[in-house]
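Have a look at the model first, and then we can walk through it together.

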Amino acid sequence: MPGLRLQLDGLSWEHGQDKRTLKPDQLVVDTGDTAVVLARDAADIHAFTDVLLGQTWPLTGTIWIAGREVTSLPTEDRGIALVPAGGGLFPHLTIEQNIGFAVRRRHRDGFRRGQVNYVAGRLNLHGILSWRPHDLSPDERLRVALARAMCHWQAAMAVVIEDHSGYTPCHAAVSESLKAYPDLPILVVSDDRHRVETLRAPAVSWEVVDADES
């Protein structure tokens, strides 16, 4: 069985009037590794992660996870756990409700509670489940956002973490992923080279560029 490798081959996509791609054009993040993609701004980040998640279609190329091509699959069949910049938590919900929001509605309530409790325990969040996002530090919000992302999947196969200016750096989400889910490939997508230079040993990095620059 192939490892939990995230691989992008010859991927390109539209962003506004531009055609964007990766440089180099093949991205590989192996199980337990951390990699970085550098984009020019927040909009560039979101355009790229939308392609990864299946929210928009690429123009060319393929997306592979654990040896399976997922390029044409819908979002819910890809197994990619997304942590948005700053966490993206709902301020009116408790931490428990924020985590449980990601569980698909078709699951019975017992499953939802069991999944929330399991993920909260894995990320050491049981003591704050009744709190609300404003009670947390920025790094704690990222940890809750990771829990929400992982709660959506019984078996996530990759973690994608957005990081851009104006929000807390992504370091807490990366470190918690490495500790709690050491077998998953982690891809950080950032618009700030200096912030991600201090990440714990990213294996490799790529850039989002105009297609004619690649």
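Here are my notes, point by point.

1. **Before we start.** This is a predicted model, where local features need pLDDT of at least 70 and side-chain atom pairs count only at pLDDT 80 or more, while totals for chains, interfaces and linings use all residues. Residues are numbered from 1 along each chain as its sequence is written, and side-chain values use heavy atoms, with hydrogens and water left out.

2. **Strand β4, covered on both faces.** Helices (H or I, at least four residues) and strands (E, at least two) are DSSP runs, numbered from the N terminus. Strand β4 spans residues 34–38, and five of its five residues are buried (buried means under 20% relative accessible area, exposed over 50%, partly exposed in between, with a 1.4 Å probe and protein chains only). In a regular strand the side chains alternate between the two faces of the sheet. In β4, Thr34, Val36 and Leu38 are on one side, Ala35 and Val37 are on the other, and all are buried.

3. **Who sits beside β4?** Two strands pair if DSSP finds at least two bridges between them. β4 pairs with strand β9 (residues 186–190) in the parallel sense, over five bridges. With β10, β4 forms four bridges, again parallel.

4. **The antiparallel strands.** Strand β1 (residues 6–15) and strand β2 (residues 18–23) run antiparallel and are joined by four bridges. Glu14 faces Lys19 of β2. The hairpin of β1 and β2 has two residues between its strands, and Gly16 there takes a positive phi near 65 degrees. β2 also pairs with β10 (residues 204–210), in the antiparallel sense and over four bridges. In that pairing, Lys23 has Glu207 of β10 as its bridge partner.

5. Most residues other than glycine have a negative phi, and most peptide bonds are trans. Where is the cis peptide bond? Look between Lys23 and Pro24, where omega is about -10 degrees; Pro24 is in the loop between β2 and β3 (26–29). Ala66 is not a glycine, yet has a positive phi of about 55 degrees. Asn124 also has a positive phi, near 55 degrees.

6. Asn124 is in the loop between α3 (109–122) and α4, and counts as exposed because its relative accessible area is 63%.

7. **Helix α4.** This helix (residues 138–151) has 14 residues and reaches 20 Å from its first C-alpha to its last, close to the 20 Å expected at 1.5 Å a residue. The expected span is 1.5 Å times one less than the number of residues. Of the 14 residues of α4, 10 are buried, including Leu142, Val144 and Met150.

8. **Cys151.** Cys151 lies in helix α4 and counts as buried because its relative accessible area is 2%. Leaving out residues up to four places away in sequence, Cys151 touches Ile99, Val103, Gln115, Val116 and Val119 (contact means heavy atoms within 4.5 Å).

9. **Helix α5 and a buried Glu176.** Seven of the 10 residues of α5 are buried, so this helix is largely enclosed by the rest of the structure. Glu176 is found in α5 (residues 171–180), and counts as buried because its relative accessible area is 15%. Residues up to four places away in sequence aside, Glu176 touches Leu123, Arg143, Leu146 and Tyr181.

10. **The largest pocket.** About 340 Å³ of space lies in the largest pocket. A pocket is an open set of points on a 1 Å grid over the protein atoms alone, where a 1.4 Å probe fits, with protein on both sides within 12 Å along at least five of seven lines; lining residues have an atom within 4 Å of a point. Grid points are joined across faces, edges and corners, and the volume is the space filled by probe spheres set on the points. The lining has 17 residues, with Ile80, Leu82, Ala102, Ala149 and His152 nearest the centre. The elements giving two or more residues to that lining are β7 (80–83) and α4, and β7 gives the most, with three.
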